[in-house]
Structures are given as C-alpha cells and as structure tokens.
Amino acid sequence: MPKTNETERVEKALFKHTSVMGVFGCMEVTIGINVFPYERVDYMTFDTKNEFRCYEVKVSKSDFMSKSKLTFIGDFNYLVMPHELLKQIEDTEKYRKLCMQGVGTFLVSDYSGLICERKAKRKKVSMGDKVMLMESMIRSLSRDAKKWYEKK
C-alpha cells in the first residue's frame, strides 16, 4: 500500500531531525527473525551511546486507534504525529496509557520540523534485546541498500 503524502511529510521531518553526527537511522525495521506475526518499528535509530530509539508514525485518529501493534522496544520510544492529531487523541485512554508507560511525543510543525511535546522515559532494555535490535536494524538497512542498488 503506498504511503500518503502526510505520512511521507512526517517521515521526512523525523529523518531530518535525527540526521545528526553519531545517530544512525532506518525506516521500517522488522524486529526479530522467523517471528510470526512479525513486529515492525516505523523508524529506529541507534547512536554512539548504544541507545536505541523507536518511533511510531501516526497521521490520523483512525491510524492511531487501529489494532495494529505499536512496537516500543527501544531505550526511548516515541509517537510522531502532526500537531492537529494530538488534539484529537490526547483525551483517549490509549494515549494516556502510552504516556504513563513513558512513551514520548514528537509533533510535526509546518514551520520548524519536529517539536518534542513529551520526553520519553528511559526503558530498561536487556543486552539480549539490544543484540536483537542491532541485528534487526542491520537486516533492514541491508534491505534498503539492496533496493537502492536495484534501482540503478
């Protein structure tokens, strides 16, 4: 299914925000191997402090309220959405529950890119899970490199 213009706008702002020295990112990271049903993080970064950040992109209330899994398995985890969407979901039980679990919120602004609305709280991630996240990110980066080379 092709991405909407709004999804592409949010992803571009997220990529631009995280494209700094010492931070390495990948879109659509499939977690684990031979796991069914599989989990996928919309965007994941790894940095030189050995910290993983997972970002779930939501662009509409129906997208947010859907039964699709939100994969928050990083050291820090965030929802990323247009500013208008937060107004629609901030009173929902689902959003309040995520906030209580330490999930942060980034809002996309038309003028200034991403704004951190709510900071994420550090989550304890085991060394085994960090290895799995690293392997998952490497496989997904390899997939992207293959797609890029096949286009040429």
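On one side of helix α4, E93, K97 and M100 are exposed, where exposed means over 50% relative accessible area, buried means under 20%, and partly exposed lies in between (1.4 Å probe, protein chains only). Helices (H or I, at least four residues) and strands (E, at least two) are DSSP runs, numbered from the N terminus. The model is predicted: local features need pLDDT of at least 70, side-chain atom pairs count only at pLDDT 80 or more, and totals for chains, interfaces and linings use all residues. Residues are numbered from 1 along each chain as its sequence is written, and side-chain values use heavy atoms, with hydrogens and water left out.

Helix α4 covers residues 93-100, and Y95, L98 and C99 are buried in it. Seen down the axis of α4, the buried residues fall within an arc of 100°, so they line one face of the helix; the arc is that of the directions from the helix axis to the C-beta atoms. An α-helix has 3.6 residues a turn, so residues three or four places apart point the same way. The cover over the buried residues of α4 includes α2 (61-65), β4, α3 (83-89), β5 and β6 (113-118). Just after α4, G102 takes a positive phi of about 95°.

A nonpolar core is a set of buried Ala, Val, Leu, Ile, Met, Phe, Trp, Tyr and Cys residues joined through side-chain atoms within 4.5 Å. The largest such core has 14 residues, and those with the most contacts inside it are L14, Y55, Y78, V80, F106, V108 and L114. At least two residues of this core come from each of α1, β3, β4 (76-82) and β5 (104-109). A second, separate core of 13 residues includes L86, I89, L98 and C99. Contact means heavy atoms within 4.5 Å. Leaving aside neighbours within four places in sequence, F106 is in contact with residues including Y55, Y78, V80 and L114.

The structure holds eight aromatic pairs. A pair of aromatic rings is described by the distance of the centres and the angle of the planes. Rings of Phe, Tyr and Trp (its six-membered ring) pair if their centres lie within 6.5 Å; planes under 30 degrees apart count as stacked, over 60 as edge-to-face and the rest as tilted. The ring centres of F15 and Y43 are 6.5 Å apart and the planes stand at 75°, so this pair is edge-to-face. It links distant parts of the chain, since F15 is in helix α1 (residues 5-18) and Y43 is in strand β2 (residues 39-47), 28 residues apart. F15 counts as partly exposed at 45% relative accessibility, whereas Y43 counts as buried at 1%. Y43 also pairs with Y55 in a tilted arrangement, 5.7 Å centre to centre and 45° between the planes. This pair too links distant parts of the chain, with Y43 in strand β2 and Y55 in strand β3 (residues 52-57), twelve residues apart. Y55 is buried, at 3% relative accessibility. Ring pairs link F15, Y43, Y55, Y78 and F106 into a cluster.

T18 lies in helix α1 and is buried, with a relative accessible area of 6%. A polar contact is a pair of N or O atoms within 3.5 Å; within protein, one must be able to donate a hydrogen and the other to accept it, and residues adjacent in sequence count only if both atoms are side-chain atoms. The side chain of T18 makes a polar contact of 2.7 Å with the side chain of Y43. Not counting residues up to four places away in sequence, T18 touches V23, Y43, T45 and Y55.

The loop between β2 and β3 holds E51, a buried residue with a relative accessible area of 10%. The side chains of E51 and R53 are joined by a polar contact of 3.4 Å. Leaving aside neighbours within four places in sequence, E51 is in contact with T45, F46, D75, F76, R122 and K130. N50 is found in the loop between β2 and β3 as well.

Most residues other than glycine have a negative phi, and most peptide bonds are trans. N50 is not a glycine, yet has a positive phi of about 65°; N50 is partly exposed, with a relative accessible area of 46%. In E28, a residue other than glycine, phi is also positive, near 50°. E28 is found in strand β1 (residues 23-31) and is partly exposed, with a relative accessible area of 26%.
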